[in-house]
Amino acid sequence: MPSPQSVKTQPFGDQKPGTSGLRKPTKTFLQPNYTENFVQSILLSCGDALRGSTLVVGGDGRYFVKQAAENIIRMCAANGVSRVIVGENGIFSTPCVSAIIRKEKALGGIILTASHNPGGLDNDFGIKFNTANGGPAPDGVTTKIFEISKSLAEYKIVNDLKIDVAVVGKSTFKIDGCGDFVVEVVDSVSAYLDLMKGIFDFGAIKTLLSGDFKILINCLNGVTGPYATRIFVDELGAPASSVVNCIPLEDFGGAHPDPNLVYAKELVDAMATGAYDFGAAFDGDGDRNMVLGKNAFFVSPSDSLAVIADKAEQCVPYFKSGIKGFARSMPTAGAVDLVAKKKQKPIYEVPTGWKYFGNLMDAGLLSLCGEESFGTGSDHIREKDGIWAILAWLSILAKTKRSVQDLLHDHWAVYGRNLFTRYDYENCSSEDANKLFEHLESLIGDETLLKSEWRAGGKSYRIALTDNFEYSDPVDGSVAKKQGIRFVFKDGSRIVFRISGTGSTGATVRMYLDSYEPELERCKQDAAKTLRPLVDVALKISSLETHLKRDKPTVIT
Ligand code: VG1
Ligand code: CO
């Protein structure tokens with residue numbers, strides 16, 4: 001009978017989860033005991049509830065996922081878990097893990113991904129823990145995991161447990177001192193497909209796709225490949241050639257699996273030929289999405305959320321019974337706020353990171369939400385959901401029979417447009433980034449700043465408010481402090497600065513800009529050009545380039 005072993009270990013001290021899980025260079029996770037220590041800390045954070053529980057395990061197919069999944073199962077067996085559900089070859093998208101945790105009433109899930117960070121031996125790996133509601137562990141839980149990791153002296157594992165996640169099926173083991181342990185290796189897509197069928201009118205989308213309407217879905221060699229092929233091709237009848245880069249690769253084919261205009265250039269170029277009516281891409285673990293219309297017409301994530309919010313009740317069966325409320329992360333442009341106002345629904349503004357939406361959804365306050373970082377989702381699960389967002393868009397296109405661009409123009413004609421851009425300065429030294437934020441902190445409430453007029457490109461701005469965003473969760477009262485420095489102007493425009501919590505080395509500084517434009521003709525102009533004066537003001541106020549010793553950002557989205 002296989003029996004658990006205790007392995008002596010030393011704490012690492014750097015296992016503090018960020019915005020969404022622990023992300024580090026793959027080689028860090030490959031160090032002896034590094035992955036095991038973090039997993040043991042997750043399991044211990046569950047306390048007594050772990051014994052006899054069900055956990056879901058899977059990841060985005062990047063290098064080390066399969067091996068890590070098998071080891072995690074061996075550790076679950078040794079720690080008294082009764083049942084593990086794992087995807088075939090260790091593959092599950094992040095939204096799918098969330099769906100299965102909820103469906104199976106599991107205690108939680110361990111997701112092996114560094115999301116949009118590149119993968120492979122010389123890139124990144126990551127581990128996320130999701131709790132029983134299917135959502136990313138809230139701050140209280142991640143703090144506990146980190147605390148446990150700092151003094152961990154041993155981990156438990158059943159080394160001689162024979163597991164092969166390549167073979168679908170159920171195996172039951174008897175573990176010495178722990179009793180029965182069940183491992184279910186399941187098809188990676190089925191549970192997710194069933195959920196989607198219950199949310200959308202697949203018949204309506206199928207009719208759209210069987211006509212002249214052409215789609216192009218680029219999975220960027222990430223986890224969504226099998227999901228997109230099953231759903232868009234097998235179920236909805238799109239030609240097989242509509243889904244490209246659809247085999248999950250351990251290094252994502254050397255690409256950066258982040259669906260934006262920079263990293264999904266292949267999709268942008270293909271869309272620019274005018275051959276397709278609708279294009280989409282996803283990130284490595286399948287929770288992000290980018291939407292493009294014909295001729296590569298770009299839909300910003302903030303606009304995408306607002307359009308879905310406006311049309312969901314009319315076009316998506318799941319929302320027919322009504323929407324409870326809307327939400328966005330703080331740096332996300334306020335387009336959805338205007339929809340909420342018109343529909344007289346509550347709107348919540350939370351810090352960056354999907355974990356902050358979970359309580360609102362669990363309390364029945366929130367149905368639909370999004371982030372500027374290409375994340376859109378609803379209360380069908382507790383993660384943002386790339387494929388869901390595309391099905392929502394196709395549902396809207398099927399029902400309204402408008403083009404993507406027409407839908408956006410219609411939307412701006414009613415609501416005006418929140419122009420948005422984000423400048424990322426990647427891999428800065430932590431010292432430089434800290435100095436910048438010390439400087440920004442010192443500007444909060446500064447009298448001269450508040451009185452000054454800021455001029456650029458023929459425009460003039462006056463500051464109405466400066467603060468470091470703080471969020472009190474209306475459901476459990478927990479407080480998240482220092483979530484981003486905001487400069488809000490009298491005309492409603494905003495500049496926000498944050499340090500990323502998903503980078504694996506150095507510091508990534510993000511600068512976000514949101515500016516409202518009421519006039520349709522100006523809404524149709526190039527957003528980058530219209531926002532230029534505000535960018536200049538942001539750089540002037542912050543002295544960002546001097547502090548970071550950079551003369552341009554790494555990526556603009
Ligand atoms: C980024 C995004 C944030 C998103 C997070 C996880 O965080 O800005 O909106 O929720 O990534 O996304 P940060 O701290 O780097 O700004 V993903 O696709 O990792 O699951
Ligand atoms: Co992701």
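A residue is called buried at under 20% relative accessible area, exposed at over 50%, and partly exposed in between, with a 1.4 Å probe and protein chains only. The model is predicted, so that local features need pLDDT of at least 70 and side-chain atom pairs count only at pLDDT 80 or more, while totals for chains, interfaces and linings use all residues. Residues are numbered from 1 along each chain as its sequence is written, chains are lettered from A and ligands numbered from 1 in the order in which they are written, and side-chain values use heavy atoms, leaving out hydrogens and water.

View 1. Asp-283 and Asp-287 are both buried.

**View 2. Surroundings of ligand 1.** A shell of 21 residues surrounds ligand 1, the closest being Thr-19, Arg-23, Ser-115, Thr-502 and Arg-510; a residue is near a molecule if one of its heavy atoms lies within 4 Å of it. This shell holds no nonpolar, 10 polar and 11 charged residues. Here Ala, Val, Leu, Ile, Met, Phe, Trp, Tyr, Cys and Pro count as nonpolar, Asp, Glu, Lys and Arg as charged, and the others, Gly among them, as polar.

**View 3. Side-chain atoms beside oxygen atoms of ligand 1.** A polar side-chain atom of Asp-283 lies 3.0 Å from an oxygen atom of ligand 1. For Arg-288, a side-chain N or O atom is 2.7 Å from a ligand 1 oxygen, and for Ser-500 the corresponding distance is 2.6 Å.

View 4. Zero disulfides (pairs of cysteine sulfur atoms within 2.5 Å) are found in a search of the whole structure. The cysteine sulfur nearest to that of Cys-178 belongs to Cys-76, 11 Å away. Cys-178 is partly exposed, at 23% relative accessibility. For Cys-246, the nearest cysteine sulfur is that of Cys-219, 6.0 Å away. Cys-246 is partly exposed, with a relative accessible area of 25%.

Methods: Polar contact = N/O pair within 3.5 Å; in protein donor to acceptor, adjacent residues only side chain to side chain.
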